[in-house]
Amino acid sequence: MPVAAATGPVIPAGAATIITVAPTGAESAKSDVPALPVTLDELVRTGIDCAQLGASIIHVHIRDGEARPTLDVGRLTDTVAALRERTDLIVQVSSGGSVSDSEADRLRVLESNPDGASCSMGTVNFGRDVFTNRWDFIVELHTQLRDRQIVPEYEIFDLGQLTSLARLLDKHGLPYGGHVHCDLVMGVPGGMPGTTHALVAAQQSLPPGATFSATGVGRSTLPVALAALSAGGHLRVGMEDTLSYAAGEPVRDNAQLVARAAGLARIAQRPPMPVADARALLGVLDRRGR
Ligand code: KMH
Ligand code: ZN
């Protein structure tokens, strides 16, 4: 009888998949993408729909009354509260904002009482812009997140940022909850490509015991999702990263992308993870009812 050699991490049969939806982002204009959820009602509706389809985390960027990206703390606090009241999703706010946001405003989003927040691990060219993440800012964000008992998701745009993460954890300790979770943001023009090779290279550089999700921007969304599933990773999808469902076919809404991700996860026999299990895995503090 042939004996299969184990050549990589063994993924337990049926190991479930965390699906994160990133519905809005800061880069697309509502006038160009009418289906983008930008109002509180649209975001809550999106959260409800995506939760039903298997999402367990929502990554939140908000817009102002004119649908422009904003980090307004009052508005963000209301959004976090509404999503917590109307869904059981883990509410993760973006501390990345848009490329023009100040460090002070980006730190202030932590006042919105979220379950989690992104923590980008380095500066990266972002198309023709630069997404700036100075070392001292990263340390401050990591420290404030722990002080506020908010679980970070370390956003990794390039391989060297995993070296920075190892240095961060070594010098400044583990995050709140003790678990390290990363999101590989792949295919940003200026960052690592959205390929299986890059995903495997990144996975091999993760801190011991860390989990990861992966996001493939634009056309890399499917190759990255398939690679992540086969490598034991989790998925992030949404209109922050992907506006075409297929060549020449605009995304209808975020639910369409979550439904596809959930379908792929089921085919891979790694079905969507129940939210309670995702909370336990990531060490999320239960703020419901607080
Ligand atoms: N909008 C990008 C400049 C995050 O949310 O933390 C940053 C971003 C990452 O989307
Ligand atoms: Zn984001």
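Which residues coordinate the zinc ion (ligand 2)? In this predicted model, the ion is held by His59 (NE2), His61 (NE2) and Glu240 (OE), at 2.1 Å; donors are N, O and S atoms within 2.8 Å of the metal (3.2 Å for Na, K and Ca), and water is not among the atoms, so sites may look incomplete. Along the chain these donors follow the spacing H-x1-H-x178-E. His61 belongs to the loop between β2 (57-60) and β3 (62-63) and Glu240 to the loop between β12 (234-237) and β13 (244-246), so the pair ties together parts 179 residues apart in sequence. Strands here are DSSP runs (E, at least two residues), numbered from the N terminus.

Now turn to ligand 1. The residues around ligand 1 (a heavy atom within 4 Å) include His59, His61, Ser94, Gly96, Phe126, Phe131 and Glu240. By class, this shell has three nonpolar, seven polar and two charged residues, with Gly counted as polar.

Polar contacts are pairs of N or O atoms within 3.5 Å. Oxygen atoms of ligand 1 lie 2.7 Å from a polar side-chain atom of Ser94, 2.9 Å from one of Glu240 and 3.3 Å from a polar backbone atom of Gly96.

Residues are numbered from 1 along each chain as its sequence is written. Ligands are numbered from 1 in the order in which they are written.

How values were computed: Predicted model: local features only at pLDDT ≥ 70, side-chain atom pairs only at ≥ 80, totals over all residues. Heavy atoms only, no water. Polar contact = N/O pair within 3.5 Å; in protein donor to acceptor, adjacent residues only side chain to side chain. Helix = DSSP H or I, 4+ residues; strand = E, 2+ residues; numbered from the N terminus.
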